[in-house]
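Dear colleague,

Here is the structure I said I would pass on. My notes on what turned up in it follow below.

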Amino acid sequence: MKNKTFSSNLLLFLIPLLGENVTIDPTLVFENNRIRDAYVALQAWKQAIFSDPRNLTLDWVGFHVCNYTGVFCAPALDNRTIRTVAGIDLNHGDIAGYLPEELGLLTDLALFHINGNRFCGTVPRKFEKLKILFELDVSNNRFAGKFPAVVLRLPKLKFLDLRFNEFEGTVPSELFDKDLDAIFINDNRFVFDIPENFGNSPVSVIVLANNRFHGCVPSSLGNMSNLNEILLLNNALRSCFPPEIGFLKNLTVFDVSFNQLLGQLPDTIGGAVSLEQLNVAHNLLSGNIPASICNLPNLQNFNYSYNFFTGEPPECLTLPAFDDQNNCIPSRPVQRPERQCKLFLSKPVDCNSFRCKAIVPSLPPPPVFSPPPPPPVYSPPPPVYSPPPPPVYSSPVYSPPPPPPSPPPPVYSPPPPPPVYSSPPPPPSPPPPLYSPPPPPVYSPSPSPPPPSQPPPSLVYCVRPPPPPNSPPPPAPVFSPPPPVSYYYNSPPPPSHSPPPPPPAPVFSPPPPSVYSPPPSPPPCIEPPPSPTPCIELPPPSPPPPVHYGSHMPPEYPPPAPVYEGPLPPVIGVSYASPPPPPFY
């Protein structure tokens, strides 16, 4: 089928499709409508650029949009006979400007990478039209305002990278119900309690570091069977250490350093058999280090410095890398003063005082109670009771001889549940993470969580432009989903005295109402090009001195809130297009 040609003689008009007016030159001829729409979107974006020191958009002229720098075309998924814009990559361009609403015309876009620039404002609400967008990387820019709720309406999104911006406020709990593989929202200004549905996320990597999260480390993370790496460092988390980490058989990196965790390290961490990097430094932990941790077969680096531990097994001293400085361990060098240790350890820690909610298993656990006695013990007429197995409680009604004492026993003995529940005892086949419903008629079905409400559109504005990261853009990518594993993930056991209660109503905090408003019309459509006043670059403040392990005197009690300004560890695996910051391990 030959491609239709759209003569621009018919296109001599203004296209106010999404809030900007782009004039199409009457001499241009486009190979199809999608290329024409891409031309409109890219020309509107070029008008919204204030500075392009590397001249990446210099050749964004004419109707051959597939030849523009950073623009990649491919056959359309729904019509392989026509070309369309499938990807945009302007990483490390140092471009200043904002994202216009016209970018919503790129409906075939699968990849959008603008890491390492100076874009301000926020993610346009018209991005919701990008129904097949797979990777969204706007990291290392100057975006500000509320969490861009439009990303919750991208049905195919797998990779979300918002790190190193100035986003603030809360993070919608719906984010952790999306079928994402990677979430990077570190190094922003998010302030909120990590929600209870955190464990619903099927991600393999999640990085929340260097924000202002507080409250408990959620025990629901024990449900995240796909998880390879989780970084929660440098927040204000204050609770005891969740023992559910031991359920994560694929976990390789766990970093909760520079928080305010208290109590002891649970022995169950020894169940995380794939763990390679464990960092709990700069917290308020105490007690003895469990030997099960240092006996982990793959553990390479264990940092538990700057706590109040009082003992460590000899196995820890044989690890390839460990740091036990500034604790209260007798006979070890560089420990806290004895007076400081006694003062802290004299105040016992009550983990129940934090009121952290217990884990809600992703799979219903088997019942703890032993199966009731067989029906014949309580039901004198077994022939009458056995024929109608489906109606468990109706069998006494149909029994021909209804002696006075016999009907109650059949009603009391509903052992049909054992036959109904007998199928689960064999190991269940691994379900899709966290979304498999519980086995049918064993328990009353728990209320299904309401679908995430469509958040109102984000406010588009250019305010408080953050200083650019002082470090150069990150190196090549090193991240991907985990390889399939053949183990069976078992949810934590229920209480020993009763079947597990139905899960509490999920905490789906909708985004704050009435905060979002339609974006104001930015100035770029006015000639001459828009004034960069809304996004004036401010001189970056001098960064605080980084924290160097073991380089400063031990803090006096109570220890100050830890501060960490260093880079994040690497993300290991097959590469995504936009890499994490350089490693520090």
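**Disulfides**

Cysteine 294 and cysteine 316 form a disulfide, with their sulfur atoms 1.7 Å apart. Please keep in mind that this is a predicted model, and the distances here come from its coordinates. The link of cysteine 294 and cysteine 316 is right-handed, with 80 degrees about the S-S bond. Cysteine 294 sits in helix H2 and cysteine 316 in the loop between strand S24 (308-311) and strand S25 (321-323), so the pair ties together parts that are 22 residues apart in sequence. Both cysteine 294 and cysteine 316 are buried.

In total the structure holds five disulfides. I describe two others here.

Cysteine 216 is joined to cysteine 356, and the sulfur atoms of this disulfide are 1.9 Å apart. Its torsion about the S-S bond is about -85 degrees, so the disulfide of cysteine 216 and cysteine 356 is left-handed. Cysteine 216 belongs to the loop between strand S16 (214-215) and strand S17 (229-231), and cysteine 356 to the loop between helix H3 (338-345) and helix H4 (375-378), so this pair ties together parts that are 140 residues apart in sequence. Cysteine 216 has a relative accessible area of 18%, under the 20% limit, and is therefore buried. Cysteine 356, at 34%, is partly exposed.

The other disulfide runs from cysteine 240 to cysteine 351, S to S 1.9 Å. The torsion about the S-S bond of cysteine 240 and cysteine 351 is about -85 degrees, so this disulfide is left-handed. It links distant parts of the chain, 111 residues apart: cysteine 240 is in the loop between strand S18 (236-237) and strand S19 (253-255), and cysteine 351 is in the loop between H3 and H4. Cysteine 240 counts as buried at 12% relative accessibility, whereas cysteine 351 counts as partly exposed at 37%.

The loop between S16 and S17 also contains glycine 222. Glycine 222 is buried, with a relative accessible area of 0%. Its C-alpha atom is separated by 9.8 Å from that of lysine 249, which is 27 residues away along the chain.

**Nonpolar cores**

In soluble globular proteins, nonpolar side chains tend to be buried together. Which residues touch the most other members of the largest nonpolar core? They are Trp45, Phe112, Leu136, Leu265 and Phe302, in a core of 93 residues. Helix H1 (33-47), strand S5 (79-89) and helix H2 (291-294) each supply at least two residues of this core. H1 gives the most, with eight residues. Domain 1 (29-169) and domain 2 (170-354) both contribute residues, so the core lies between them.

Leaving out residues up to four places away in sequence, tryptophan 45 touches Trp60, Ile88, Leu90, Tyr98, Leu99, Pro100, Leu103, Phe112, Ile114 and Phe119. There is also a second, separate core of nine residues, with Phe159, Phe184, Leu233 and Val253 among them.

**Aromatic rings and charges**

The structure holds 18 aromatic pairs. In one of these, the rings of tryptophan 60 and tyrosine 68 have their centres 5.8 Å apart and their planes at 15 degrees, so the pair is stacked. Tryptophan 60 and tyrosine 68 are both buried. In the pair of tyrosine 304 and phenylalanine 309, the ring centres are 6.0 Å apart and the planes are at 80 degrees, so the pair is edge-to-face. Tyrosine 304 counts as buried at 0% relative accessibility, and phenylalanine 309 counts as buried at 0%.

Trp45, Trp60, Tyr68, Phe112, Phe119 and Phe127 form one aromatic cluster. Of these residues, Trp60, Phe112 and Phe119 are among the contacts of tryptophan 45.

Two arginines lie over aromatic rings. Arginine 163 lies over the face of phenylalanine 184, at 4.4 Å from the ring centre, and Phe184 is one of the residues in the second core. The charged end of arginine 336 sits over the ring of phenylalanine 308, 4.1 Å from its centre.

Regards

Methods
Residues are numbered from 1 along each chain as its sequence is written. This is a predicted model: local features need pLDDT of at least 70, side-chain atom pairs count only at pLDDT 80 or more; totals for chains, interfaces and linings use all residues. Side-chain values use heavy atoms; hydrogens and water are left out. A nonpolar core is a set of buried Ala, Val, Leu, Ile, Met, Phe, Trp, Tyr and Cys residues joined through side-chain atoms within 4.5 Å. Buried means under 20% relative accessible area, exposed over 50%, partly exposed in between (1.4 Å probe, protein chains only). Helices (H or I, at least four residues) and strands (E, at least two) are DSSP runs, numbered from the N terminus. Domain bounds come from an automatic or database domain assignment. Contact means heavy atoms within 4.5 Å. A disulfide is a pair of cysteine sulfur atoms within 2.5 Å. Rings of Phe, Tyr and Trp (its six-membered ring) pair if their centres lie within 6.5 Å; planes under 30 degrees apart count as stacked, over 60 as edge-to-face and the rest as tilted. A charge sits over a ring if NZ of Lys or CZ of Arg is within 6 Å of the ring centre and within 35 degrees of the ring normal.
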